[in-house]
Amino acid sequence: MKKIISILIIVLIVFTCDLQINADSNLVKNSKSAILMESLTGEVVFGKDEHTRRSPASMTKIMSLKVIFDSYSQGLFKMDDIITTSEYASSMGGSQIFLSVGEQMKASDLIKSIAIASANDACVAMAEHLYGSEEVFVDKMNEEAKILGLKNTNFENATGLPIDNHYTSAYDICLIARELINKYGELILPITSRYDDYVREGTEKQFWLVNTNKLVKYIEGIDGLKTGWTNEAGYCLTATMHKDNIRFIAVAMGAESAQKRNNDVVNMLKYGVSNYELVTVVKKGEIVKTIEDIMTMPNVYHLVTKEGVSILRKKNEQTGEVKKEIVDKKLKVFVDNELYQVVELDTMEEIEKASFLDILLKVLKQLFFN
């Protein structure tokens, strides 16, 4: 009898696993490559040929936008800077806002045109303004790819227009999107979440920007990020959804139609937010240690975390055993005795070296008043 029960249990486990595998594999029926990643932890919960090199088409602009916002954070330009269109920028084909040679436009409007309408002319105008030429700008894009440790990415232009030796993978573009969102989400997501907007508003050349990512209008929680299409690349999309305090990024590449691409992305995103949750084990700014040191002012201070630590888990599952260890002003977080994350620590108070008089007074106070 026990043997029969054991066999039934094994069959049930195998059947359950097969159901889960089938459920996961059915998430993406149309795209050649795909990936689903949780944004905060960077954990991948689904992948399909995610490391295969493919043409990204206009999803290239995710890296272009990252370089642009990096430049903004470094003070290389301001949003109200006026940028003049070169003959080369004006000559870009594909999606565009039809910038004329010598036309001037604010940087903020060019960025809006890139992010919403995938404007190639606006992208090159920004690239030239920041680094003198698209070529140098692309060098920065590839430098960033190396910094991020991308193994299957090389850019030859800033737009994604067809060109040889221009490629990335679903995994790599997802990492770029994660970096863009985590660093500059407050800047980029309010733009990419708009279904439409205008540039040259109130002029004879007013131009209606319509988001190439239609999902931001029709699916609650989706607020970005970038579409792409060429004959070589097929239909591509990197999209992100924030719901129930969790954000997922999904990438689909090489679909036969926009509808099929959208279906794959929506399936992945809904699967992520429906089945997973984040558990915070360390809060940002959490006091992890109180130190008393007669050689400092103040002599009692607190070590706090510079960032939080969260664990991604399936809903209704238990989190593994969490342990914490402080080593050299770093907090090491272990899950089930395996190192999960290392967090830098800072002091809550401004710490100064105590003077000789301060130390003397402290010693006398301890000797005569304690």
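The model is a predicted one. A cis peptide bond joins Gly 224 and Leu 225, and helices H4 and H5 pack at an angle of about 135°. The salt bridges come to 14 in count, and four residues, Asp 109, Lys 112, Arg 194 and Asp 197, are joined by such bridges into one network.

**Backbone geometry**

- The peptide bond between Gly 224 and Leu 225 is cis, with omega at about 25°.
- Phe 98 has a positive phi, near 60°, although the residue is not a glycine.
- The position of Phe 98 is in the loop that runs between helix H3 (87–90) and strand E4 (104–106).
- Asn 245, likewise a residue other than glycine, has a positive phi near 65°.
- Asn 245 belongs to the loop between strand E8 (234–243) and strand E9 (246–255).
- Asn 245 counts as exposed because its relative accessibility is 68%, and the cut-off for exposed is over 50%.

**Packing of helices H4 and H5**

- Helix H4 spans residues 107–117 and helix H5 spans residues 120–131; their axes lie 8 Å apart, at an angle of about 135°.
- The two helices are therefore oblique to each other, since an angle counts as roughly antiparallel over 145 degrees and as roughly perpendicular from 65 to 115.
- The crossing in which H4 passes H5 is left-handed.
- On the H4 side, the contact is made by Ala 107, Leu 110, Ile 111, Ser 113 and Ile 114.
- On the H5 side, the contributing residues are Ala 122, Cys 123, Ala 125 and Met 126.
- Sorted by class, the residues in this contact of H4 with H5 are 8 nonpolar and 1 polar, with no charged residues.

- Lys 183 and Glu 179 form a salt bridge through their side chains, at 3.3 Å from N to O.
- The two residues are separated by about one helical turn, because they stand 4 residues apart in helix H7 (residues 170–192).
- Lys 183 counts as partly exposed, at 44% relative accessibility.
- Glu 179 also counts as partly exposed, at 22% relative accessibility; the cut-off for buried is under 20%.

- The side chains of Arg 247 and Asp 223 form a salt bridge, with an N to O distance of 2.9 Å.
- Arg 247 is in strand E9 and Asp 223 is in strand E7, so the pair ties together parts that lie 24 residues apart in sequence.
- Arg 247 and Asp 223 are both buried.

**Salt-bridge network**

- Asp 109, Lys 112, Arg 194 and Asp 197 make up one network, joined by salt bridges that share partners.
- Two of its members, Arg 194 and Asp 197, meet in a salt bridge at 2.6 Å, N to O.
- Arg 194 counts as partly exposed, with 30% relative accessibility.
- Asp 197 is buried, because its relative accessible area is 16% and the cut-off for buried is under 20%.

Definitions and conventions:
Residues are numbered from 1 along each chain as its sequence is written. This is a predicted model: local features need pLDDT of at least 70, side-chain atom pairs count only at pLDDT 80 or more; totals for chains, interfaces and linings use all residues. Side-chain values use heavy atoms; hydrogens and water are left out. Buried means under 20% relative accessible area, exposed over 50%, partly exposed in between (1.4 Å probe, protein chains only). Axes are lines fitted to C-alpha atoms, for helices over the stretch in contact, and angles run from 0 to 180 degrees between N-to-C directions. Angles under 35 degrees count as roughly parallel, over 145 as roughly antiparallel, 65 to 115 as roughly perpendicular and the rest as oblique. A crossing is left-handed if the near helix is turned anticlockwise from the far one by less than a right angle, and right-handed if clockwise. Contact means heavy atoms within 4.5 Å. Ala, Val, Leu, Ile, Met, Phe, Trp, Tyr, Cys and Pro count as nonpolar, Asp, Glu, Lys and Arg as charged, and the others, Gly among them, as polar.
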